[in-house]
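Here is a friendly walk through the nonpolar and aromatic side of this structure. Please have a look at the model first, and then read on.

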Amino acid sequence: MIYRTEKDTLGVVKVPLDKYWGAQTERSRKNFRIGSEASMPIEIIHSFGFLKKAAAHANFEFGILSKKKRDIISLVCDEIIEGKLNDQFPLVVWQTGSGTHTNMNVNEVISNRAHVLTGGKLGYNKSCIHPNDDVNMSQSSNDTFSTVMHIASYKKLIEKTIPSIKELRKILKKKSKLFHNIIKIGRTHLMDATPITLGQEFSGYVSQIDHGLNSIQKTLDHLSELAIGGTAVGTGLNAPKGFDIKVTDYISKYVGIPFKIAKNKFEALSSHDAIVESHGAIKQIAVSLIKISNDIRFLASGPRSGIGEIFIPENEPGSSIMPGKINPTQCEAMIMVCIQIIGNDMAISIAGSSGNYELNVTKPLIIHNFLQSSQLIADACTSFSSFCVKGIKPNYQRIKEFLDKSLMLVTALNTHIGYDKSAEIAKYAYANNTTLKEEAIRLGYLTVEKFEKLINPSKMV
């Protein structure tokens, strides 16, 4: 590999000749060779593009950055936003807890790319744009990284996560309506209970999703607050008065989301309660989806030794040794995703509590986990909707068989012959392998006509 030399305040560093990053990025790349799977999320890099562009325009308006520099910084930022420079951001999540290395990675790429766009050549002469004095003007890594965390999180939720969950909710609602007249046996404690309709059962899933979506929506207001303008510790040192307002207005314009300045920048830098809260809502959805997925796979279990009240799509062969076996793979994938999200939530909770004085220093971990959870649950909901829920069909024969044999239909007799006599009928029916009707008549508690009038599952739902 051919290298060029770059210089920072600690001295000279060799950098690959064809890369736009500089000395500080290269130091981080070499000093933090930790893991291979956790690169800084590209959503953070793209969000930095919006922020650096907004900052350049705000600094120009304050008369502290020239129009020429504003325009070239903006041009490179547009390339970053469009994903044209994705391969120029090599750093891992496991770096400085403030995200300073990634902020400088962005600053250096903008500086060196600007140098090339204005006719320069990497490794020769200095860029017309200084990474700290120009690109990072009026900013600190502490407020910029905190800001892009919120930009990336908000965008992910409204563009990917919420729409995917809503689509799953829509399909579950459709199934609930289709199944509203299908009477089946209910189950509590995994044991037979009184009747319910399959539609009612699915309506519970819809309600869980509704509450989860509502919880996510409620967190967006706090998540819309941006820390920019707080600079190093929240006081705004080295940023012109009103810089926070102008930058936030520009970001809102570029991203298309109504962001606002943080009500308290000391809170915005030293804690990440907004993300803790928002991820908690994602975890709530994950908990619901585990319940829903388990219900569906249990209801579909069998085909001959399980419950088998519903059919789910047969997507793949289920076994490498057992011919003809089909498994509830989408349910299992969803459950694994949700377990991962619950684990991510624990990590975010601990990380969120790890702010010390004026700065939280676990920012990269927090945003990595948040974006992973947001993407995972979105993808899983789309997959679950398309390859499982859409294709669910009732097994009418099995549903009727269980309903007709259920002993818990006897509950309808409580208010007519009392709990004790009703229990006696159920006990003898189970012991003698007979029906409730046979035992009610044999014991002399009811006539055929009276029994058939009282034991009507359609009136018990």
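Ile 296 touches Ile 310, Ile 312, Cys 331, Phe 384, Cys 388 and Ile 392, leaving aside residues up to four places away in sequence. The model is a predicted one. Ile 296 and Phe 384 are also listed, together with Ile 44, Ile 251 and Leu 289, as the residues with the most contacts inside the largest nonpolar core, which has 96 residues. Helix H6 gives this core its largest share, with twelve residues. Another core, of 17 residues, lies apart from it and includes Leu 403, Ala 440, Phe 451 and Ile 455. As background, nonpolar side chains in soluble globular proteins tend to be buried together.

Now to the rings. How many aromatic pairs does the structure hold? There are five. One of them joins Phe 179 and Phe 202 in an edge-to-face arrangement, with 5.4 Å from centre to centre and 85 degrees between the planes. Phe 179 sits in the loop between helix H6 (141–178) and strand S3 (183–188), while Phe 202 belongs to helix H7 (residues 198–223), so this pair ties together parts 23 residues apart in sequence. Phe 179 counts as buried because its relative accessibility, 4%, is under 20%. Phe 202 is buried too, with a relative accessible area of 0%. Ring pairs also bring in Tyr 205, giving a cluster of Phe 179, Phe 202 and Tyr 205.

| Charged residue | Ring | Distance to ring centre |
|---|---|---|
| Lys 246 | Phe 62 | 5.8 Å |
| Arg 442 | Tyr 428 | 5.2 Å |

Definitions and conventions:
Residues numbered from 1 in each chain as written. Predicted model: local features only at pLDDT ≥ 70, side-chain atom pairs only at ≥ 80, totals over all residues. Heavy atoms only, no water. Phe/Tyr/Trp six-rings, centres within 6.5 Å; stacked < 30°, edge-to-face > 60°. Helix = DSSP H or I, 4+ residues; strand = E, 2+ residues; numbered from the N terminus. Buried < 20%, exposed > 50% of the residue type's maximum accessible area, 1.4 Å probe, protein only. Lys NZ or Arg CZ within 6 Å of the ring centre and 35° of its normal. Core = buried A, V, L, I, M, F, W, Y, C linked by side-chain atoms within 4.5 Å. Contact = heavy atoms within 4.5 Å.
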